[in-house]
Amino acid sequence: MIWESGLAYRVRLGDGLKTGIFLDQRENRRRVRELAPGKRVLNLFAYTCGFTVAAAAGRATRTTSVDASRGALAWGAENLEQNGLSGEHHTFVDEDVFSWLKLANKRGDRYDLVVLDPPSYATTKTSRFSAANDLPDLAARALGIVAPGGRMLACTNHRGIPSGKFRKQMHEAGRLAKRTLVQIKDLPEPPDFPSPPGADPDLKSVLITVE
């Protein structure tokens with residue numbers, strides 16, 4: 001168990017890359033907690049639901065966590081329980097994110113804050129995903145269910161996507177989704193995971209505000 005900003009997260013340190021938490025997202029979890037009060041929050045590729053815990057602690061009215069791994073979501077539910085944040089207003093969906101987003105757009109779902117932190121590469125039953133090429137389409141689907149005036153926190157740690165390209169991908173996503181993006185705000189890299197001088201940061205994060 002580790003503690004971050006007063007919240008407990010169950011971890012498995014020493015278990016390779018599957019420790020249960022991405023430490024470089026600490027500042028983004030703080031941002032989500034600050035933005036969450038009174039909001040409907042959607043956490044895509046939720047893994048063990050670190051962003052969901054932060055949103056719940058920030059008094060989100062409801063959260064939806066989507067991930068293809070039922071085990072990871074169960075871990076996330078335990079994280080919520082550990083912090084005394086469990087409740088019927090927190091929903092866990094063990095489905096393929098790409099397919100779920102397609103149906104969510106058809107249903108007309110709307111969320112005030114969407115967190116999109118996809119893997120660099122993914123293989124589903126019906127398709128293959130590469131952030132370098134396919135991120136605009138994925139981000140467009142996510143933008144499609146952002147409520148008017150809502151926001152999307154989008155991240156990538158793909159080393160082949162420099163900051164400039166990432167911004168262009170988000171602009172393209174807005175065009176594909178036919179949504180007006182009021183602002184795409186670059187967020188600073190994590191202070192405890194600094195990039196070498198002159199190098200692009202590994203973690204690129206932007207906060208997008210939709211008209």
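This is a predicted model: local features need pLDDT of at least 70, side-chain atom pairs count only at pLDDT 80 or more; totals for chains, interfaces and linings use all residues.
1. Basis. Local features need pLDDT of at least 70, side-chain atom pairs count only at pLDDT 80 or more, and totals for chains, interfaces and linings use all residues. Residues are numbered from 1 along each chain as its sequence is written, and side-chain values use heavy atoms, with hydrogens and water left out.

2. Main core. The largest nonpolar core has 36 residues. A nonpolar core is a set of buried Ala, Val, Leu, Ile, Met, Phe, Trp, Tyr and Cys residues joined through side-chain atoms within 4.5 Å. Buried means under 20% relative accessible area (1.4 Å probe, protein chains only). Leu 44, Trp 100, Leu 143, Met 152 and Met 170 have the most contacts inside this core. Helix 5 gives the most to it, with seven residues. Helices are DSSP runs of H or I, at least four residues, numbered from the N terminus.

3. Second core. A separate core of 13 residues includes Phe 51, Leu 113, Leu 187 and Leu 207.

4. Arg 29. This residue lies in helix 1 (residues 26-35). Is Arg 29 buried or exposed? Arg 29 is buried, at a relative accessible area of 4%.

5. Linings by class. Ala, Val, Leu, Ile, Met, Phe, Trp, Tyr, Cys and Pro count as nonpolar, Asp, Glu, Lys and Arg as charged, and the others, Gly among them, as polar. The lining of the largest pocket divides into 23 nonpolar, 14 polar and ten charged residues.

Definitions and conventions
Helices (H or I, at least four residues) and strands (E, at least two) are DSSP runs, numbered from the N terminus. Buried means under 20% relative accessible area, exposed over 50%, partly exposed in between (1.4 Å probe, protein chains only).
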